[in-house]
Amino acid sequence: MKKLTSYTSAIPLKNKQADRFMLGMITALTILLLIVISSALYFQNLTAGWKTKMDQSLTLEIKSGAFDADMEKKLIQLLKNQEAVSSHTIEKADNIVRVVSPWLNLGDIPADEISLPTIIHVSLKTNNEIQKDKLIFDIKSLSKNIQVNSYNDWFEQSLKKTRFLQTISILTALALFVLLVMVISLIVRDRILIHKEVIALLQTLGARDSYIKGEFYRHILTLSFFGIGLAGILFLCFYGVTIVFMGQDVSVLPTENHGFSNMLCTFIITALFIFALTFIVVRTTVTNALQRLF
Amino acid sequence: MIEFENVGLRYGTHPEIISDANFSLPQGSFHYLTGASGAGKTSLIRLLSLIQPPSRGQIRMKDQVIMHNNRQSLIPFRRKIGVVYQNARLLDHMTVFDNVALPLRIKKAPNKEIQQNVKELLQWVGLGNRMDFYPETLSGGERQRVSIARAVISQPHLLLADEPTGNLDDKLSYKIMKLFDQLHKMGTTIAIATHDEHLIEAFPHSLLRIENGHIGLEEPGVLNFQKARS
């Protein structure tokens with residue numbers, strides 16, 4: 001009796017080999033899309049973070065021996081009087097030695113015996129470019145020995161590289177998108193041709209196009225569901241591995257502070273996108289094929 | 001029931017296989033479609049089942065002109081027509097029950113109605129004990145009976161059959177024809193394409209003879225099979 005009430009699809013769309021291939025393609029493309037989107041978001045957030053930090057800081061480098069008591073007094077006075085300045089710190093000589101010693105092979109030479117520049121970090125309240133330029137002008141007016149470094153050149157170069165990587169990621173995502181559309185469309189068209197006689201019979205029995213489309217939706221969207229689920233599990237593993245190897249602060253996923261929730265958000269959006277894409281491609285392909293072939 | 005008006009059918013650039021067909025199948029009638037092999041019996045069945053659009057002319061069903069260019073508008077008409085094929089055309093991946101239930105499932109009939117009607121009908125065609133069998137395990141006669149059950153499950157107004165006994169021996173052919181006869185007595189309009197003169201003699205009804213693309217009506221008792229053979 002159980003057999004009599006069980007539902008069997010009218011179009012025998014099940015095909016182990018083709019189904020495995022399609023499942024594999026959907027899984028692979030979903031996970032690749034997830035990684036590409038996550039990486040693009042990560043780089044975007046990273047550069048945004050860098051930009052904010054750099055826009056709100058300056059580093060002053062004063063030549064060795066030029067930072068006397070008079071200059072210190074004038075400079076501190078200037079920084080205190082500037083509205084744009086939030087705070088400033090003078091880097092200790094020991095710290096500078098510790099940072100540069102691996103490159104200069106300084107060994108155990110005491111800091112006071114090395115000719116070191118004076119480094120002053122200045123934090124700004126604002127990233128207003130006009131106020132920043134005025135501050136730099138005023139500082140440089142104090143002495144020609146003061147070099148103001150806003151890291152703009154270095155940042156612009158880094159930004160270019162990041163943008164290049166972002167463009168590559170977007171192009172890869174687009175290529176994957178096109179590939180996924182083609183794969184689904186080809187498989188659906190292939191199935192329609194294989195089962196042309198069955199579809200013709202169903203039409204003779206009074207089946208509407210919606211009934212035939214429903215058979216395809218049921219089969220292919222179920223495959224997509226499993227493919228996306230599998231991709232989600234693999235992506236979670238990838239996420240775990242990046243945390244283990246790179247540490248939570250440098251998670252390869254969307255932002256440093258909200259890595260997991262953003263990962264979940266990225267996954268849900270990607271899953272919905274793949275699901276909707278599959279639905280639209282199946283619908284379009286079946287509609288076109290039915291109009292052309294029958 | 002169904003009416004042909006100046007209907008012509010040609011495939012591609014070939015000459016017309018059916019020319020100027022003007023006939024009607026009244027409600028509750030029984031007709032044989034006969035003619036020599038390749039005369040166009042199957043094409044006529046395809047036209048009658050609204051699967052094949054005519055190259056010219058008009059087909060009317062229940063006084064409504066059939067518009068073949070709008071596929072979705074054909075559906076309500078197709079649901080009033082049952083078709084039985086020579087090779088049964090059952091779906092091998094589905095059980096006998098599911099095959100017969102298919103037209104009702106397509107119509108989204110309630111499950112209770114499907115269960116009841118399919119069981120009753122399979123009992124009627126003598127396959128009550130074969131419901132959960134797959135078609136490949138059935139004999140030719142049983143397959144054809146399943147095909148008939150599938151064609152009549154949704155109570156069609158017009159039942160078409162294309163050489164339904166073509167692959168069966170005389171005894172089985174007779175059984176199948178008895179089923180058609182019973183359906184006719186219940187009021188179903190029936191048209192059977194066949195060139196089996198013994199069956200036509202055993203169950204005499206009107207004849208639509210196709211010859212050189214033209215269709216002529218012959219009443220029972222004036223059959224001329226030599227004409228069909230030529």
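Two strands pair if DSSP finds at least two bridges between them. Keep that in mind for the first stops. Helices (H or I, at least four residues) and strands (E, at least two) are DSSP runs, numbered from the N terminus.

Before you click, some ground rules: this is a predicted model, where local features need pLDDT of at least 70, side-chain atom pairs count only at pLDDT 80 or more, and totals for chains, interfaces and linings use all residues. Residues are numbered from 1 along each chain as its sequence is written, chains are lettered from A and ligands numbered from 1 in the order in which they are written, and side-chain values use heavy atoms, leaving out hydrogens and water.

**Stop 1: strand β3 of chain A**

Select residues 118-124 of chain A, which make up strand β3. Click A:His88 and look across to A:Val122, its bridge partner in β3(A).

Next, bring in strand β1 (residues 57-62) of chain A, which pairs with β3(A) in the antiparallel sense over six bridges. Here A:Glu61 has A:Ile119 of β3(A) as its bridge partner.

Is β3(A) enclosed or open? Five of its seven residues are buried, so the strand is largely enclosed by the rest of the structure. (Buried means under 20% relative accessible area, exposed over 50%, partly exposed in between, with a 1.4 Å probe and protein chains only.)

**Stop 2: a glycine in a helix**

Stay in chain A and select helix α8 (residues 209-246), where you'll find A:Gly240. With 28% relative accessibility, A:Gly240 counts as partly exposed.

**Stop 3**

Hop over to chain B, where six strands form an open sheet with mixed pairing, in the order β6-β7-β8-β3-β9-β10. The edge strands, each pairing on one side only, are β6 (81-84) and β10 (214-218) of chain B. From one strand to the next, the twist averages 20 degrees.

Zoom in on strand β3 (residues 30-35) and strand β8 (residues 189-193) of chain B, which pair in the parallel sense over four bridges. B:His31 stands opposite B:Ala191 in β8(B).

Now show helix α6 (residues 170-185) of chain B, which packs on the sheet and touches β3, β6, β7 (158-162) and β8 of chain B. Its direction makes about 155 degrees with that of β8(B). (Axes are lines fitted to C-alpha atoms, for helices over the stretch in contact, and angles run from 0 to 180 degrees between N-to-C directions.)

**Stop 4: helix α3 of chain B and its neighbours**

Select helix α3 (residues 96-106) and helix α4 (residues 111-124) of chain B: they pack at an angle of about 125 degrees, with their axes 10 Å apart. That makes α3(B) oblique to α4(B). (Under 35 degrees counts as roughly parallel, over 145 as roughly antiparallel, 65 to 115 as roughly perpendicular and the rest as oblique.) Residues in the contact (heavy atoms within 4.5 Å) include B:Phe97 and B:Leu104 of α3(B) and B:Ile114 and B:Leu121 of α4(B).

Finally, show helix α5 (residues 140-152) of chain B, which packs against α3(B) at about 30 degrees, with axes 7 Å apart. These two helices are therefore roughly parallel to each other. Among the contact residues, pick out B:Val100 and B:Pro103 of α3(B) and B:Val146 of α5(B).
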